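Biologist: I'm new to this one. Could you take me through the sheet, one part at a time, and show me what packs against it?

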Amino acid sequence: MFLSGKVAIVTGASRGIGKAIALAMAGAQADIVINYAGRADAAEETAEAVRKIGRRALVYQADVSDTRQVQQMVDTVIAEFGKVDILVNNAGITRDNLILRMKEEDWDTVMAVNLKSAFNTIKAVARPMVKARYGRIINVSSVVGLYGNPGQANYAAAKAGLIGLTKSMAKELGPRNITVNAVAPGFIMTDMTEHLTPEAKERLTSSIALNRLGTPEDVAGVVAFLASDFCSYITGQVIGVDGGIVM
């Protein structure tokens, strides 16, 4: 019950890592705001799972790359719950291609959803968190943001940008008792890795010290920990959840 009484916004929470994070924090007794972009049915399934745990769940559709929609979402959360204690920036997409073939639209869309969205959400929750002199912000980056990956220039740049944003916000908001950290998942079994062939998965696992792909729950446990008061003296850090790819 280490998140008892807390209110958490999780972006991109309808499935995958976001859903696992929502359920992990609900299991620690937080109330959850489930943000989603397009899958209302999946978001409602997540909400129902949260309610079965015994916590409140608010489902909110918003394009987190849109500043106005994000502010409206946070205003709604404040009106409903009275506060925001935790923000998890998990929303993300890929539009992979070699740089010679990458369309400007693919670059812009990935940067908007994966990076600008975090600017929007952090700016929107900063004022109520500063007023409360309490907050926990966790950004979901990627190992790709640490070492790059061919064919993912847009994704890697956005995830690296999240790390820079994390460190800057940690310094800016720290004096107000707001911690800002990032997790950098490795290869996790989600919709983004479903298309890999068995041979490709074998090549990946051979490069991982623990010799397996990660699960959304592997990431969710670390995020829930960073959202708790156990981590009140940890800020500006990037925690790898990658099975030992980056050491």
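Modeller: Strand 4 (residues 86-89) and strand 5 (residues 135-140) pair in the parallel sense over 4 bridges; strands here are DSSP runs (E, at least two residues) and helices are too (H or I, at least four), numbered from the N terminus, and two strands pair if DSSP finds at least two bridges between them. Within that pairing, Ile86 sits opposite Arg136 of strand 5. Bear in mind that this is a predicted model: local features need pLDDT of at least 70, side-chain atom pairs count only at pLDDT 80 or more, and totals for chains, interfaces and linings use all residues. Residues are numbered from 1 along each chain as its sequence is written, and side-chain values use heavy atoms, with hydrogens and water left out.

Now for the helices on the sheet. Helix 1 packs on it, touching strand 1, strand 2 (31-36), strand 4 and strand 5, where contact means heavy atoms within 4.5 Å. The direction of helix 1 makes about 175 degrees with that of strand 1; axes are lines fitted to C-alpha atoms, for helices over the stretch in contact, and angles run from 0 to 180 degrees between N-to-C directions. Helix 8 (residues 216-226) packs on the sheet as well, touching strand 4, strand 5, strand 6 (178-185) and strand 7, and its direction makes about 170 degrees with that of strand 6.

Zooming out, the sheet is open, with 7 strands in the order 3-2-1-4-5-6-7 and parallel pairing. Strand 3 (57-61) and strand 7 (238-241) are its edges, each pairing on one side only.
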